[in-house]
Structure formats: structure tokens, C-alpha cells
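Here are my notes on this chain, written for someone new to reading structures. Please keep the 3D view open and check each point as you go.

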Amino acid sequence: MSETSKTRHDRPGTYFITGYPGFIGKRLVEHIAREDPQGLIYALVQPKAFKEAQALAAKVTGARVELLTGDAVDMHLGLSGEEYQRLCEQVTDIFHLAAVSQLGVPKETAWRVNVDGTRNLLELARDCEHLSRFNHFSTCYVSGDRVGVIAEDELDRGQAFRNAYEETKFQAERLVQRAAATLPVTIFRPSSVVGDSRTGEIDRFEGPYYLGILLVTSPLVVPLPLPGNGVAPLNVVPVDFVVEAVWRLSRDARAQGRTFHLVDPNPMSARRVYELIAEKAHKRLPRFNLSARAADVMLRLPVLEKLARPQRAAISYVNHLAIYNCHNTLELLDGTGVRCPPLSSYLDQLVAYVREQYKQRKEGAEVEDPLDHGPLPSPDEVSAPRSRR
């Protein structure tokens, strides 16, 4: 297949993105704006995030960014009739990122956002007159409790789910796969997304994303023993790889109708990752392991329970023997220069970024904790980092 037939070389696009200004969404908008400077980006923003979105959009260079106040769960996304019609007439590419990803969220809430919200976006896609691609952000964790090698073209294999997040993302992906019969669909399943591989920058983490940051920061704060034996692969990916891969694949005609695992093709074991981070942070790890069950019990102790809810939710991911095959991703990104870097190549940046946050906090600077709304604890405090609520 020629390069011309592989990649879309059309006029500037009009993009519609949900989940702005979220962790991945804001970086995707920046990336698209640079790659297609003559394009137009519509970003759906919840009212509560509008001020933050305005400030971020004002700094974007390249394509024009227009913010639309609404919500994926509402009819016509909460937009006015004129706004919705404008999208139907102009949009060429949809990137659906909006989701509830907290592991402990009630199923009713998760269903409304993750399933009903996706259904609403698919309705918009059917109404778009010039749609080239519907890009859906799913997650590797739609595999639920499955173990062993998991292929990109597998979804429903009778698996059970550990939380409402996994189950509702699975149900949302089923909707998208069914819609692929009549819509140009591409599905992306990232593993646990961590900071930028070049700068180490991290900001918001929730749900499975929290796992990577837990392991990056925990040795900086307190040397908790690793739950379980740590032999399972810890699959984390840097946010810059996710954004670059999504952009490339969204432009590749061969990606239509396919699903892509955005993962590290050669992940290290959880224990090796934990040891490396502790080593870089000059922390001595406990010499013993805890079983996953014992770790869960320990984290329920009164002194730790309040701080450790996200850690308890993440324990099942540390010890899960799932291997995500990424044949489709490797095949289509071959020759593009876009590949997932090994965690060992950017661990220094992640740890350095966190250490700098602690340093600024210690010096009295106002620093927003990427893991919490509250103040950042000092490295000497015996506490565990918390996720955002």
C-alpha cells in the first residue's frame, strides 16, 4: 500500500473532542492544533471546568479552539440547536475521551457517563455529514479479570469485572463496535497512563491511571511493601506516546474498523519497577512482600484507611497476569517513529518531576499536588499519596 493510500491527505479538519480539559484531552488538543494549524477544534467542556478550559485554550498555538459548554450525558450533549447543527455540518473527526474513571464510583454514575454518554456521541457521529473518523477512547481494562494474552480484536470473552469502571467501559465499547458496521470507527485501549516521557509532568490521575503514579511516588513517601509477589507485568504508557499514537492512527485509513492496544510491548514486572523507583529515590524498600489480601487488610487499618482507598483499588492491578498483545499498533506505527518508550528510559524524568514538586512544597511555594486537591505532603511524612476526588 502506498503512503498516499495509507494516510489521509485532505484539507484542514474540523475536530470535536470530549473530555477537555482532562489529562489526555488537553494534550490531544495541543497536538492536533500543532499538526493541523489550519484546522478548527471544538471542545466540549462541562460548565464547572469552563474557566480552566478557557485559560488552557488561550495558550494553544495553531488551529483555532472553540469551547462549547455542555455534557456528554445530556440530549444533544447539552448544546443549543445552532451549536449541534454546526457540528453536524462541519465535523470531520470525533475524539471521544469523556469518561468517569474513578474505580470506586457508583455503577449508576459510571453507566450514565461512560455508556449513555458514548451512545450520545455515536448519535452525533451518525448526524455528521462529513465524518472521516470516530475515535473512541476505551481502556485495556475492558478485559476485566481475564489473564494470559489478550488480543486487540477480543472484547467479550465472558470475563467478570472488578469495578463499575471496567464494566461500563466494556459496555461502551460494545456500542462502538456495533456502530462500526455503519460508521468509520477506531477504538483505542491505553493501559495505565503516566506522565510525559520527556518532562515527567503529571497532573490528574484517577482510576487505573493512578496505579502508575502510586508506584512512581510511593517510595518517595513511604517504603510500603509491594503487595503480592510482583511478578506480573506492570503496563504503563507515557501520555505523550498515547497522544502521538492516537493522532497518527486517526489519520491512517488502515486503522478504520480496528482496535489498538496502546501499551508497552515489553513491560517490566511490578517488582522491578518498584525497585528501580526506590533506588532512584534513594529509599530502602522492605525486604518482605505482602500477599495482595494482606496488603488490602493492612491498608484498612485506621491510620492508613483514609489515605489508602486508591491504593486498595489499585492492588488488583499490580498482581494481574494479563499480557496485552499490540500487533495492530506495532504494525501501523511501523516506520512512523512513534513507539512506546520503555519505562526505564523515562523513570528518571517522572521521579525528578515528583521530587521537584516536593522540593517546592518544602520551600513554601504553592504547589498543586497532582494526586490530590490538598497540599503536598513532605517526603518525610509517613503517609501514602491520594488520588484526586
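1. Start with Thr18. Leaving aside residues up to four places away in sequence, Thr18 touches Leu44, Phe95, His96, Leu97, Ala98 and Leu121. Thr18 sits in the loop between β1 and α2. Is Thr18 buried or exposed? Thr18 has a relative accessible area of 0%, so Thr18 is buried. A loop residue can be covered, and Thr18 is a case of that. Please bear in mind that this is a predicted model.

2. Thr18 and Ala72 are 54 residues apart in sequence. In space, their C-alpha atoms are 7.5 Å apart. Look next at Asp93 and Ile17. This pair is 76 residues apart in sequence, and the C-alpha to C-alpha distance is 8.5 Å. Asp93 belongs to strand β4, residues 93-96. Asp93 has 0% relative accessibility, so Asp93 counts as buried.

3. These pairs lead to a figure for the whole chain. The chain has 13 helices and 11 strands. It has 389 residues, and 57% of them are buried. The chain exposes about 17,000 Å². Carbon and sulfur atoms supply 49% of that area.

4. Which form does the peptide bond from Tyr20 to Pro21 take? That bond is cis, with omega near 5°.

5. Go on to the loop between β3 (64-69) and α4 (81-90), where His76 lies. His76 is not a glycine, and its phi is positive, near 55°. Leu77 lies in the loop between β3 and α4 too. Leu77 is not a glycine either, and its phi is positive at about 60°. What about cover? His76 has 42% relative accessibility, so His76 counts as partly exposed. Leu77 has 0%, so Leu77 counts as buried. To follow this step, recall that buried means under 20% and exposed means over 50%.

6. α2 is mostly covered, with eight of its 11 residues buried. The buried residues are Gly25, Lys26, Arg27, Leu28, Val29, His31, Ile32 and Ala33. Note that Lys26 and Arg27 are on this list.

7. What does α2 pack against? Helix α2 (residues 25-35) packs on helix α8 (residues 239-251) at an angle of about 50°, with the axes 10 Å apart. That angle makes α2 oblique to α8. The crossing is right-handed. From α2 come Arg27, Leu28, His31, Ile32 and Glu35, and they meet Val239, Val243, Glu244, Val246 and Trp247 in α8. The contact has six nonpolar residues, one polar and three charged.

8. Compare the pair α5 and α6. Helix α5 (residues 107-127) packs with helix α6 (residues 164-179) at an angle of about 15°, and the axes are 8 Å apart. Angles under 35 degrees count as roughly parallel. The angle therefore makes α5 roughly parallel to α6. The crossing of α5 and α6 is right-handed. On the α5 side, the residues in contact include Trp111, Val115 and Leu122. On the α6 side, they include Tyr165, Leu175 and Val176. In this contact, 10 residues are nonpolar, four are polar and five are charged.

9. Helix α5 has another neighbour, α4. α4 and α5 pack at an angle of about 60°, with their axes 8 Å apart. That makes α4 oblique to α5. Tyr84, Leu87 and Cys88 of α4 meet Glu123, Leu124 and Asp127 of α5. How do these residues divide by class? Four are nonpolar, none is polar and two are charged.

Terms used. Residues numbered from 1 in each chain as written. Predicted model: local features only at pLDDT ≥ 70, side-chain atom pairs only at ≥ 80, totals over all residues. Heavy atoms only, no water. Axes fitted to C-alpha atoms, helices over the stretch in contact; angles between N-to-C directions. Helix = DSSP H or I, 4+ residues; strand = E, 2+ residues; numbered from the N terminus. Parallel < 35°, antiparallel > 145°, perpendicular 65-115°, else oblique. Left-handed = near helix turned anticlockwise from the far one by under 90°. Contact = heavy atoms within 4.5 Å. Nonpolar A, V, L, I, M, F, W, Y, C, P; charged D, E, K, R; others polar. Buried < 20%, exposed > 50% of the residue type's maximum accessible area, 1.4 Å probe, protein only. Areas by Shrake-Rupley, 256 points an atom, 1.4 Å probe, with all protein chains shown as cover.
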